[in-house]
Amino acid sequence: MSTHYDAIILGAGPAGFTAGIYLARSKRRVLIIDQSTAGGQPIFTHKIANYPGLPEVHGYELAFALKKQAQDFGCDLETNVEITSMELTGPVKRVELDGEDVYEAPSLIVATGGMPRSLGIGSEEDFKARGISYCATCDGDFYTDKDIVVVGGGNTALEEAVSLTRYARSVTILHVLNEFQAFPQAVEEARANPKIRFIMEAEVTAFEGDERLGRVRYLDHASGEEVVLETDGVFIFIGYVPNTAPFASTLDLSPRGEILADEDMATNVAGVYVAGDVRQKRYRQLTTAVADGTIAALATIEYLDRQAANRTSNQSQSQAPIDSQDHAPTLT
Ligand SMILES: Cc1cc2nc3c(=O)[nH]c(=O)nc-3n(C[C@H](O)[C@H](O)[C@H](O)COP(=O)(O)OP(=O)(O)OC[C@H]3O[C@@H](n4cnc5c(N)ncnc54)[C@H](O)[C@@H]3O)c2cc1C
């Protein structure tokens with residue numbers, strides 16, 4: 001037995017909840033599914049200072065408010081479930097949860113987000129939001145006049161290092177290789193900045209501190225020695241991991257595995273839309289995620305309306321007397 005909705009949303013983060021709020025307010029039946037706890041990345045965020053209208057909000061407060069708003073408008077929610085099978089390409093999208101419950105809808109929005117790639121060092125977890133950050137726009141301001149470290153050597157690392165010099169007294173870039181992977185312009189801009197210094201062939205091995213991060217330990221590959229660097233904070237920019245594995249065989253993805261979409265958030269599959277950090281885009285913020293969720297929902301509503309209009313027109317054609325069908329205009 002399957003349960004029917006107008007739209008299924010995969011991912012109960014800011015993008016998914018926003019899409020749900022818009023769809024439910026337009027009287028569509030909506031199911032939001034999350035493989036984990038509802039809320040998305042804000043749950044891991046201590047303090048959010050750049051969400052317009054909420055100058056200082058804790059991540060879990062925002063997550064809870066989004067969830068409540070979506071449910072109050074009538075969205076159904078399934079959390080901590082496993083998607084055991086999924087069919088997206090036909091006119092009816094079908095999702096099976098935990099090998100038993102089946103849900104169907106003519107439209108589906110993928111809002112499964114992603115996570116900044118971490119170094120995977122045990123001590124990294126301990127200092128997340130206590131000296132380790134993955135977002136210059138979100139946390140740069142907290143490091144005004146501080147001495148900080150940036151880990152990474154790609155475009156994002158160098159561009160964000162430059163942007164962090166607006167706040168920090170000094171920025172030390174630690175890069176594991178002996179050259180950067182970033183575009184030459186990004187390297188030049190960083191090299192021209194007097195607040196930035198570079199330590200190449202430096203492999204971060206540990207983060208240390210008490211309540212907050214105080215030191216980074218790295219292996220200097222040139223000398224083979226381990227070095228300890230005092231710091232007020234570390235920003236890690238070594239890539240982003242979008243949660244797209246379940247869609248790899250169906251949806252068009254960028255080389256980095258992000259879902260490709262047009263400006264209405266439509267994917268290559270009719271009736272399947274995407275929203276938030278999981279799609280290919282340059283800026284990943286709460287505001288961009290909720291904007292995507294809005295657009296995906298509005299485009300989905302139009303799609304559902306078009307489907308309904310097509311059904312009505314097909315029905316009236318099949319019920320029309322043979323005569324009138326004979327006199328339908330023909331294209332020449
Ligand atoms: C530590 C940290 C601090 C940040 N601070 C700020 C800040 O201060 N300001 C700001 O603007 N932005 C900040 N961001 C970025 C912001 O949180 C994200 O841009 C935003 O949460 C993206 O929303 P989303 O809904 O697209 O994805 P997410 O928040 O990632 O939500 C996606 C949801 O989908 C679920 N999911 C994943 N895979 C599946 C699947 N297969 N099926 C079903 N569900 C699935 C996940 O469990 C998750 O709940 C921060 C991010 C981090 C990690």
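Two strands pair if DSSP finds at least two bridges between them. I wrote that down before opening the model, along with how strands and helices are named: both are DSSP runs numbered from the N terminus, helices being H or I with at least four residues and strands being E with at least two.

**Ground rules**

I'm working on a predicted model, where local features need pLDDT of at least 70, side-chain atom pairs count only at pLDDT 80 or more, and totals for chains, interfaces and linings use all residues. Residues are numbered from 1 along each chain as its sequence is written.

**Entry 1**

I went to Arg-217 and looked for its bridge partner in β18, which turned out to be Val-228. The two strands, β17 and β18 (residues 225–230), pair antiparallel over six bridges. Their hairpin has four residues between the strands, and Gly-224 there takes a positive phi near 80°.

On to β16 (residues 202–209), which runs antiparallel to β17 (residues 213–220) and is joined to it by seven bridges. I checked Val-204 and found Tyr-218 as its bridge partner in β17. This is a hairpin too, with three residues between β16 and β17.

**Entry 1: the whole chain**

I stepped back and noted eight helices and 21 strands. The C-alpha atoms fill a box of roughly 90 × 45 × 40 Å along the principal axes. Of the 332 residues, 38% count as buried. I call a residue buried if 20 or more other C-beta atoms lie within 10 Å of its own, exposed if 12 or fewer, and partly exposed in between, with C-beta atoms placed from the backbone.

I also looked at contacts (two residues whose C-beta atoms, placed from the backbone, lie within 7 Å). Of those with a separation of 6 or more, 62% are between residues 24 or more positions apart.

Six residues from domain 1 and six residues from domain 2 make the contact. On the domain 1 side I count two nonpolar, four polar and no charged residues. For that sorting, Ala, Val, Leu, Ile, Met, Phe, Trp, Tyr, Cys and Pro are nonpolar, Asp, Glu, Lys and Arg are charged, and the others, Gly among them, are polar.

Where does the ligand lie? Both domains give residues to the shell around the ligand, so it lies between them. I list 36 residues around the ligand, the closest being Gly-11, Gly-13, Gly-40, Gly-113 and Gly-276; near here means a C-beta atom, placed from the backbone, within 6 Å. The elements giving two or more residues to this shell are α1, β11 (114–116) and α7. The shell divides into 17 nonpolar, 16 polar and three charged residues.

**Entry 2: the cores**

Next I looked for nonpolar cores, meaning sets of buried Ala, Val, Leu, Ile, Met, Phe, Trp, Tyr and Cys residues joined through C-beta atoms within 7 Å. The largest has 48 residues, and Ile-8, Ile-9, Ala-19, Ile-109, Val-110, Val-274 and Ala-296 have the most contacts inside it. Among the elements that give it two or more residues are β2 (7–10), α1 (14–25), β10 (107–110) and α7 (286–319). Apart from this core lies another of 31 residues, including Val-149 and Ala-157.

I then followed Ala-19, which touches residues including Ile-9, Ile-109, Ala-275 and Ala-296, leaving out those up to four places away in sequence.

Ala-157 is one of the buried residues of helix α5 (residues 155–164), and the others are Leu-158, Glu-160, Ala-161 and Leu-164. What covers them includes β13 (147–151), β14 (170–174) and α6 (184–191).

**Entry 3: single residues**

Asn-80 isn't glycine, yet its phi is positive, near 50°. I find Asn-80 in the loop between β6 (76–78) and β7 (83–87). Is Asn-80 buried or exposed? Asn-80 is exposed, with 10 other C-beta atoms within 10 Å.

Met-265 also has a positive phi, about 70°. Met-265 sits in the loop between β20 (240–242) and β21, and it counts as buried because it has 28 C-beta neighbours inside 10 Å.

Last stop, Arg-28, in the loop between α1 and β3. Arg-28 counts as buried because it has 20 C-beta neighbours inside 10 Å. Its contacts beyond four places in sequence are Asp-6, Ala-7, Leu-23, Ile-301 and Leu-304.

How values were computed: Domain bounds come from an automatic or database domain assignment.
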